[in-house]
Amino acid sequence: MHRYANPARFVRFAQRVTPWAAVVTALLFPIGLYYALVASPPDFQQGDTVRIMYVHVPSAWMALFVYACMCGAAVAGLVWRHPLADLFTKAVAPIGAVFTAICLVTGSLWGEPMWGTWWVWDARLTSVLILFFLYLGYMALVNAFDDPNRGLRSGSILVLVGSVNLPIIKFSVDWWNTLHQQASISTFERLADPAIDPAMMPPLLLMAAAFMMLFFTLALIRTRAEIADRRIQMIRLAQAAG
Amino acid sequence: MKRKQRRMMVLGLCLLGVGTATGLALTAFEENILFFYGPTDIATQGVPEDTRFRLGGLVAEDSVRRLSDGISTEFLVTDTVHDVRVVYTGILPDLFREGQGVVTHGRLDAAGLFVADEVLARHDEEYMPPEVAEALERAGHGPLTAPAAAGRDAVGYASYGVETVTN
């Protein structure tokens, strides 16, 4: 970890890895979508509406995963003052926000035909909406200061305060009565015997891999862009001073 | 090294504080976070008359009846211990059928009849293709078959196993 915390070394690493990550993403998405939309069976009650799940569930996983990554980076930034950690947090926030938005929109599109409503204020849906607002709040806060370092630090604190929301999202369906169903494959006991048919697992896992690689690719590109942006700021400051 | 450890300590304590505060708040508001109450909650705790609330549970087997006005449906919501009779006027969601989880929103009248103005179907975490559901049913795992590829128009009430009462 410490090796790549050096921005120059990270940029060299990112330059080498980004094309490969982009190629893997570009391969996984068509395969995953083919399995999700064509080569998998309909559900016994939902019919073809079940195919929304292959986008909804991976985007929900990524919404949580990206936020968890931001929490880790926020700790590294606040405690060890790694400049790369702060820039990474700032770079991935919009990606996480978009995953959360995709999760909310696809969930709504599924809820209307299946539940009979676009939206309800149950614990799961509300806590995911709060996650979306945390992403937006972080993005607004980071850019609200003249001194970029103060913005990044305030943002990191907001990210960590918001981290209490992650277990709430995960366990909301177990702790309270919700309209949203419980998890089908999340816990380890259920991994061996998931409540989801084996025929539906390949598209779900392929789409999850595709979303993960998309995030990895975008995170590399955006973090590099943040580093470049920071260098330009430094050069401008030096020129203005000199 | 010392400053880093101090920062870590402060951060850890802050997170612990925020976590505890959230935990306490959620416990205090527990009743309000519940999206619905079950028939047993109503039987044991009682509900003030004319309060709007949500009632959730399973639609009891052989309980769904279409009323003679043609648009109202009556059914029992059960949690297998207690049941509540519900009457609803309007279009039912695709997944509505006997044995399915539902969440209804409305009021309890003086006679103990729950008058709902909204019925939402609850989907469980089971996902399987129709052939697997049929095979399970043949193997004696209870009636699973739903209006597969359900459509409000294509299915009609017959597939819910509903008696239609006509004038």
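This is a predicted model: local features need pLDDT of at least 70, side-chain atom pairs count only at pLDDT 80 or more; totals for chains, interfaces and linings use all residues.
Let me begin with the sheet of chain B, where strand β4 (residues 83–89) is joined to strand β6 (residues 114–122) by 3 bridges, the two running parallel, and where pairing of two strands means that DSSP finds at least two bridges between them. Residues are numbered from 1 along each chain as its sequence is written, chains are lettered from A and ligands numbered from 1 in the order in which they are written, and side-chain values use heavy atoms, with hydrogens and water left out.

Staying with β6(B), the residue that stands opposite Tyr88(B) is Ala116(B). Strand β5 (residues 101–108) of chain B is joined to β6(B) by 8 bridges, and these two run antiparallel; in that pairing His105(B) has Glu118(B) as its bridge partner in β6(B). The two strands β5(B) and β6(B) form a hairpin with 5 residues between them, and in the turn Gly112(B) has a positive phi of about 85°.

Chain B comes to 5 helices and 7 strands, in the order α-α-α-β-β-β-β-β-β-α-α-β along the sequence, while chain A has 8 helices and 0 strands. Of the 242 residues in chain A, 49% are buried, and for the 167 residues of chain B the buried share is 37%; buried means under 20% relative accessible area, exposed over 50%, and partly exposed in between, with a 1.4 Å probe and protein chains only.

What gathers on the surface in a patch of positive charge? The patch consists of Arg81(A), Arg150(A), Arg153(A), Lys2(B), Arg3(B) and Arg6(B), where a patch is made of residues with over 30% relative accessible area and no salt bridge, like charges being joined within 9 Å, and a salt bridge is a side-chain nitrogen of Lys or Arg within 4 Å of a carboxyl oxygen of Asp or Glu. Two elements give two or more residues to the patch, namely α5 (148–162) of chain A and α1 (2–28) of chain B, and the largest share, 3 residues, comes from α1(B). Arg81(A), for its part, lies in the loop between α2 (53–79) and α3 (83–114) of chain A, and Arg81(A) counts as partly exposed because its relative accessibility is 36%.

Terms used:
Patches are made of residues with over 30% relative accessible area and no salt bridge: like charges are joined within 9 Å, nonpolar side chains (Val, Leu, Ile, Met, Phe, Trp, Tyr) within 5 Å. Accessible areas come from the Shrake-Rupley method with a 1.4 Å probe; for residues, only the protein chains shown count as cover. Lys and Arg count as positive and Asp and Glu as negative; His and the chain ends are not counted. The place of a charge is taken as NZ of Lys, CZ of Arg, CG of Asp or CD of Glu. Helices (H or I, at least four residues) and strands (E, at least two) are DSSP runs, numbered from the N terminus.
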